[in-house]
Amino acid sequence: MRVTGIRLALIFYFFSTETVLSDKARNVLLLLADDGGFEIGAYRNKICQTPNIDELARNGLLFNNAFTSVSSCSPSRAALLTGSPSHQNGMYGLHHGVHHFNSFDNVTSLPNLLRENGIMTGIIGKKHVGPSSVYQFDYEQTEENNHINQVGRNITHMKLLAREFIASANKENKPFFLYVAFHDPHRCGHSDPQYGPFCERFGSGEEGMGTIPDWQPWYYQWDEIQLPYFIQDTEAARRDIAAQYTTMSRLDQGVALILKELESAGHADDTLVIYTSDNGIPFPSGRTNFYDPGLREPLIIRSPSSSARKNEASGAMVSLLDIMPTVLDWFGIEKEMTNDIWDGDTPKSLLPILEKEPPPSDSDAVFASQTHHEITMYYPMRAVRTRRYKLLHNLNYGMPFPIDQDLYVSPTFQDLLNRTRSKQPLPWYKTLKQYYYRPQWELYDLRKDPAETNNLHGKPSLEEVESNLRERLSRWQRSTRDPWLCSPDAVMERDSDNAVCRSLDNGLLNYHTL
């Protein structure tokens, strides 16, 4: 079969695997945090209280090297639900009416494919992807037919919706895929500032804030939070994190409620449970960035299989692009892509890792691709990250790194701005100028420099390392038909369906001209 343009040819069929649970129905519950990070006890945060996610980790497998493929909300969700990077599925930026970013009409998504195979699909919470024909669930309670806070932060309402969906699946005697997309701990200072920077007062029982019956708010002292290395050590930033912690605790209690509904409906022993987040936390160097605070994600998978690993941690290098093949594998559906789309660096099922830890290799890698966040935030980036090194390509490096609206109005970023403008001391690991202006290429030795502050691009002793990473990144871009393959120093033309980069002689010295 020939693939032309951006069309992705997919062939699906049922098959048997060694991981099948007798003859019982199999289900999947996917729990997705919104801009959630590692403010979790299971990930060694000793302050933020998340006992229910911690319990999920004790009964499942915790991944220490999980990464999103794009550090932006709609693109990351589209990538997760299609198993393809944002430049391939077409979701280049946020799916808002004013932005109008959508995936390509011919993309095959997880909910559509599951429905075609007799599996009931449901989404509760934040959807933020389109078009609806590509991402169609049988049951939808999202921001498209509710206020986002009611289906994404009101955990009492969310549990009742989950109860309704599971009861419907039971009544129809169908296996199900339920996608619960929390809106916590996303910022809300730009849209609903009356509830606080993270909507931490929404439903708190305070006067005018309403009440969420099942939520017992946790409040944190700003001087006792666990400060990440990439956030400045000031009172303003610490208070911001304390507010984030409160919404993380609400999300944690919501996780408990959804899991209780699963158990009460009789599906605790036949459901694969996945907890993760869409992208990094909404702080400088986090969301919209390709530094590790923007790409690295929590990932916990609990399998009901008697042979599955429990209360263990995995060091396997995995991507959220692996979620789709994992779910398909769980349901016994194989997705086979034509071999000129993917090569060796392909999304993979994580089910084998739930049984046995794979041997680590220095060649293990994940890839990332980003184009926009908001419509005005055109800052395309591509990256490859191995266990030790990360190569980052900033295609629009001549422009300052853009700042999204939510971050701009945040107490943390305003503190950075005000201290920089007034030339006050700034206890941060960078300056705003360093943060805004980035080189075309960034190479980091993550073993020696986990904070990614020492750019080793062009260092003679790492010439072979960098050359191999460039070639690998280029190969991945070619295999995923990246329209930005030749940027910024060449124009791409296709010769017999093969990409050819024609130099612009503009002096930018991309690897295509080396």
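Which residues in α1 meet which residues in α7? I shall open with that contact, after a word on the model itself.

This is a predicted model, in which local features need pLDDT of at least 70 and side-chain atom pairs count only at pLDDT 80 or more, whereas totals for chains, interfaces and linings use all residues. Residues are numbered from 1 along each chain as its sequence is written, and side-chain values use heavy atoms, with hydrogens and water left out.

To the opening question, then. On the α1 side there are Pro51, Asn52, Ile53 and Leu56, and these meet Leu251, Asp252, Gln253, Val255, Ala256 and Leu259 in α7. Contact here means heavy atoms within 4.5 Å. The helices themselves are DSSP runs of H or I with at least four residues, strands are runs of E with at least two, and both are numbered from the N terminus. Helix α1 covers residues 51–58 and helix α7 residues 235–264; their axes come within 7 Å and cross at roughly 55 degrees. For reference, axes are lines fitted to C-alpha atoms, for helices over the stretch in contact, and angles run from 0 to 180 degrees between N-to-C directions. Angles under 35 degrees count as roughly parallel, over 145 as roughly antiparallel, 65 to 115 as roughly perpendicular and the rest as oblique. By class, the contact of α1 with α7 divides into seven nonpolar, two polar and one charged residue. In this scheme Ala, Val, Leu, Ile, Met, Phe, Trp, Tyr, Cys and Pro count as nonpolar, Asp, Glu, Lys and Arg as charged, and the others, Gly among them, as polar.

Helix α7 has a further partner in helix α12, residues 411–421: the two axes come within 8 Å and cross at roughly 170 degrees. This makes α7 roughly antiparallel to α12. Here Ala236, Ala237 and Asp240 in α7 meet Pro411, Thr412 and Asp415 in α12. The contact of α7 with α12 has three nonpolar, one polar and two charged residues.

I turn next to the disulfides. A disulfide is taken as a pair of cysteine sulfur atoms within 2.5 Å, and by this rule the count comes to two. One joins cysteine 188 to cysteine 199, with an S to S distance of 2.2 Å. The torsion about that S-S bond is about 120 degrees, so the link of cysteine 188 and cysteine 199 is right-handed. Both cysteines lie in the loop between β6 and α7, so the pair ties together parts that are 11 residues apart in sequence. Cysteine 188 and cysteine 199 are both buried, where buried means under 20% relative accessible area, exposed over 50%, and partly exposed in between, with a 1.4 Å probe and protein chains only.

Cysteine 486 and cysteine 501 form a disulfide with their sulfur atoms 2.0 Å apart. At -80 degrees about the S-S bond, this link of cysteine 486 and cysteine 501 is left-handed. The pair connects distant parts of the chain, 15 residues apart: cysteine 486 is in the loop between α14 (463–479) and β16 (490–495), and cysteine 501 is in strand β17, residues 498–503. Cysteine 486 is buried, at 1% relative accessibility. In sequence order of the bonded cysteines, the pairing is 1-2, 3-4.

What of cysteine 48 and its nearest cysteine sulfur? Cysteine 48 is in no disulfide, and that nearest sulfur, of cysteine 188, is 17 Å away. Cysteine 48 is buried at 2% relative accessibility. Cysteine 73 is likewise in no disulfide; the nearest cysteine sulfur, again that of cysteine 188, is 15 Å away. Cysteine 73 has a relative accessible area of 3% and is buried.

Finally, the backbone. Most residues other than glycine have a negative phi, and most peptide bonds are trans. A cis peptide bond joins glycine 130 and proline 131, with omega about 5 degrees, and proline 131 lies in the loop between β4 (120–125) and β5 (139–142). Histidine 128, also in the loop between β4 and β5, has a positive phi near 60 degrees, and is buried at 7% relative accessibility. A cis bond also joins aspartate 184 and proline 185, with omega about -5 degrees; proline 185 lies in the loop between β6 (176–181) and α7.

Asparagine 311 has a positive phi near 55 degrees. Asparagine 311 sits in the loop between β8 (296–302) and β9 (312–314) and is exposed, at 56% relative accessible area.
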